[in-house]
Each structure stands twice: as structure tokens, then as C-alpha cells.
Amino acid sequence: MTDNRMFARRIRALAMKHNEMFRDSIPLIASENLMSPLAMEMLISDFGSRYAEGLPYHRYYQGNEYVDEVEVLVMDLAKKFFRAESVDPRPISGTVANIATLYGTTSPGDKITVPPLSGGGHISAARFGAVGLRGLHSTAYPFNTEDMNIDVDGTIRLIKQEKPKVCLFGRSVFLFPAPLKELSEAFDEVGCTVWYDAAHVLGLIGGGKFQDPLREGATVITASTHKTFPGPQHGIILSNDTSDLWKHIQRGVFPGVLSNHHLNAMAALGITLAEELEYGAEYAQNTIANATTMAQTLAEGGISVLGEKNGFTRSHTIVADVREQGGGKYAAEVLEQAGIILNKNMLPWDSSKNSQNPSGIRIGTQEITRLGFDRSDTKEVARLIADVLVRHRSPEDVKEEVKELKRNHRTIRYCFGTHEAYSYVKILEEIGE
Ligand SMILES: *Cc1c(COP(=O)(O)O)cnc(C)c1O
């Protein structure tokens, strides 16, 4: 066998091992999800080999007859699901949607206010991320650790004092809705663009179970389409604006920050939207119910879950302070040995110095909910986490129970058709020789 064939085989074997690892694990990363079988099928269609620069029916290349129809359908489905007048389904990720929006709404030197990184702000809102790349002056909102949300009075003062061009909301540790209504008078006074980054909570918003930013004062929403919204790795921009601002944002997308918009992922996004219109409300509701159950059970099991004052969470996410259990790095690694996959996370009092060993862990329930975990299954997951972190059971023993629990939960729910998750690579033939 030639080396090159061997490398190709090796990569396929690694992909299969990866699938098996996830098949046997409990996936709790708050920013991940599983695609439906029909959406997944779109990724291997020929759409994935083509370009369609521009807007539907105004393209630069030939061969776009069917792509145009798909893109219009995707936009119509998104308008319906999110109740938005304007939709751009082309950004190839949430970060790309954010960069395009920065490009369309600001000029270098403008001021922007953003969520603080230690309070769950995303790197794209940081000085060393997209906001800094655009050359903006950013100031972070004050954060209230007890509420696990930005501090309303301090934020009103900050906005009135800074008079930013854009106020950005939305976080990667997004337990409670952003207080948009409470801030509306400050927005009006300074005349800023209100930008809501819904990367984490897009599925909950579409399902009508979190908050409704476009009706609470947001001008534009950007998002990833693969976190609580269970679609392909892609991005989207939504707005009720139809004026020049929207045109500037669209020009930010193309020709601003992309050329190819990953037509296969866009088609997969459309299929997911159709499925979410059918099942999204129920899915969002069960995801949040499981998060609340997870938080309560962990707290009863001796783990310090944040946000207790407000019922721990109103989203898919919970965060826990695990300093007493060995810190975030240790907790995430020992749980991985037990087949429970989650991530260490900075908590509000952590500084960038301890980003490699922060105080906390973050847990999301959107993916297990999609696999049919109900409240009693979720309690079982919380019990297994506490077994490892509090009762110091050996991760190897716990892993056997994790596998057993997962054995009954391998079919993806809330979608059309049925298919076992984690089995896709095997559909291709062997390479031979
Ligand atoms: C995940 C995330 C993004 C973008 O992520 P992509 O991986 O680029 O899709 C943007 N903002 C927030 C708040 C996020 O959590």
C-alpha cells in the first residue's frame, strides 16, 4: 500500500473513531449540537462544490438555477421562524456574521459597548478579536455576579456617558435574557444601533422560549446556526430593518467578508429551519427544562451552581464553580475520562491569567435533549457528574454507566425521518489496495 493511501485510510479511521467516541459519550458542550439526517445529507450534495456570489437571481456565475431557489426558500423559512423582515443566510459562521455586521454598522474609530469577557462575552467582541480588528473603541458593561447578567443601572450610565455607535449584547455563557427593554430609554437617548448576538440561544429564540430581541429593541441579530439551533456549522443575520443599514450589512457579508457562502451548509440550514418550524418550540422547551433539572440536581449533589438567586438558568446553559472539586481544568479532564464531554470555563471573578485553569465548568443540555434525554435521564447525568467530582468514583467505572445510558439514546429527535447518530462515515466504500 502506498503511503498516501495509508494517510487517507488513517484519516477516515480517525473520523470513525471520533464518531464512536461520541456515540459512547454524553455530549454537554453548550455550543455544539447534532444535525438531522436530512440536513446532514445536504452537506455531501454537489452544492458543496459550487459558488453563487451575490444575491439570488443576481449572480456572477452560471449554474445557479437551483441554488437560487434554495436560497430564497431558506430566507422565507427563516423569516417565518424568527419573525424577521430581512434575512441574510450567507455568513459561513457566527464570527463571520459578526464581522460583516461590524463592517456594515461601524467605521474605524467608532465606539462600541460590549459584554465583558469574564461575564461570558465572546472573543469576537474583544479587542483582540473582530471588534479590535475593525479598529473600534470598546467599553465593557458592568456585570453582576449574583444575577449572572449585566448590571442594568451601571449599563444605562455607561451607554449615556459613552454614546456608542453600537451596543452589542449576547454572550457565550448566556443564562438569562439580556435586559433590552430595561435599557430602551438609554438606546433612544443616544440613538445607537442595538446588536444582539444570539449565537448560543438562536434555537431558544426561534422556539419562542427565551426572549424576542427583535421585538424588545434589537435592530440586528447575528448568530451561529449550530448551537441551540441544531443546524450545520454556519451563520445567519436577521433584522426588521429594510433601510440602508440593512443594505450596508448585506454588503458587509458580500463582497465584504466572504466570496463562497458554503451552499451545502445553506441548504442544510433550510432543512433544519423546516424541521424547527415543526418541532422547535417543543425542543426549546425541553432543552430549558433539562437545564433547570441539571442545575438543581448538581446543586443538591454538592456542586456550586451559579445564578441560584434567579433559578440557576433560563437557557440551555448552566455554569458551576468547581474550585473545591479541583478547578475547571481538572474537572473537565476527569469527566472526559468518564465519557462526559464538557468544557472548563472562566467565571466572572477569573482573569485572563487563569484562563488555562479557570474556576468553572459550563454545561449545555441542547444536544442530550436532541437525543431524547428527559428529566429523569438528565438527573442521572447530573448524578454521574457528582459521582466523579464530589464522591470521587473512578472515572473508568462511571464510564460504563455513561455508555449504558447512552445506548438507549442514539436516535436524533425533533427532525423529519429517523437515523442513528454517529454513523455517517461508514456510508462510503472502502478505499481498496
Ligand atoms: C459561538 C459564538 C459566536 C460565533 O461562533 P462561530 O463558531 O464563528 O459560529 C459568536 N458569538 C458568540 C456569543 C458565540 O458564543
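Are Arg59 and Glu71 buried or exposed? Both are buried. The legends below belong to close-up views of a predicted model.

View 1. The side chains of Arg59 and Glu71 form a salt bridge, with N and O 2.8 Å apart. Asp68 is buried, as is Arg59.

**View 2. Three tyrosines form a surface patch.** Tyr51, Tyr60 and Tyr61 make up a nonpolar patch on the surface. Together they have about 350 Å² of accessible area. Look for Tyr60 in the loop between strand E3 (58–59) and helix H3 (65–82). Why does Tyr60 count as exposed? Its relative accessibility is 56%, and exposed means over 50%.

**View 3. Asp24 pairs with Arg410.** These two residues form a salt bridge. Their closest N and O atoms are 3.4 Å apart. Asp24 lies in the loop between helix H1 (3–23) and strand E1 (26–27), and Arg410 lies in the segment after helix H14 (395–407), so the pair ties together parts that are 386 residues apart in sequence. Asp24 is buried, and Arg410 is too.

View 4. Salt bridges link Glu380, Arg383, Asp387, Arg391, Arg393 and Glu401. How many salt bridges does the count come to? The count is 22.

View 5. H9 covers residues 244–257, which is 14 residues. From first C-alpha to last, H9 reaches 18 Å. That is close to the 20 Å expected at 1.5 Å a residue. Where is the kink in H9? Find it at Arg251, shortly before the proline Pro255. The kink is about 25°.

**View 6. The buried residues of H9 pack against other elements.** The buried residues of H9 are Leu245, Trp246, Ile249, Gln250, Gly252, Val253 and Phe254. What do the buried residues of H9 pack against? Their partners include helix H4 (94–105). Strands also take part: E2 (54–55), E4 (86–88), E10 (193–197), E11 (220–224) and E12 (235–239).

Terms used
Residues numbered from 1 in each chain as written. Predicted model: local features only at pLDDT ≥ 70, side-chain atom pairs only at ≥ 80, totals over all residues. Heavy atoms only, no water. Patch = residues over 30% accessible without salt bridge, like charges linked within 9 Å, V, L, I, M, F, W, Y side chains within 5 Å. Areas by Shrake-Rupley, 256 points an atom, 1.4 Å probe, with all protein chains shown as cover. Salt bridge = Lys/Arg side-chain N within 4 Å of Asp/Glu carboxyl O. Helix = DSSP H or I, 4+ residues; strand = E, 2+ residues; numbered from the N terminus. Buried < 20%, exposed > 50% of the residue type's maximum accessible area, 1.4 Å probe, protein only. Expected span 1.5 Å × (residues − 1). Bend = angle between axes of the 7 residues up to and from the residue. Contact = heavy atoms within 4.5 Å.
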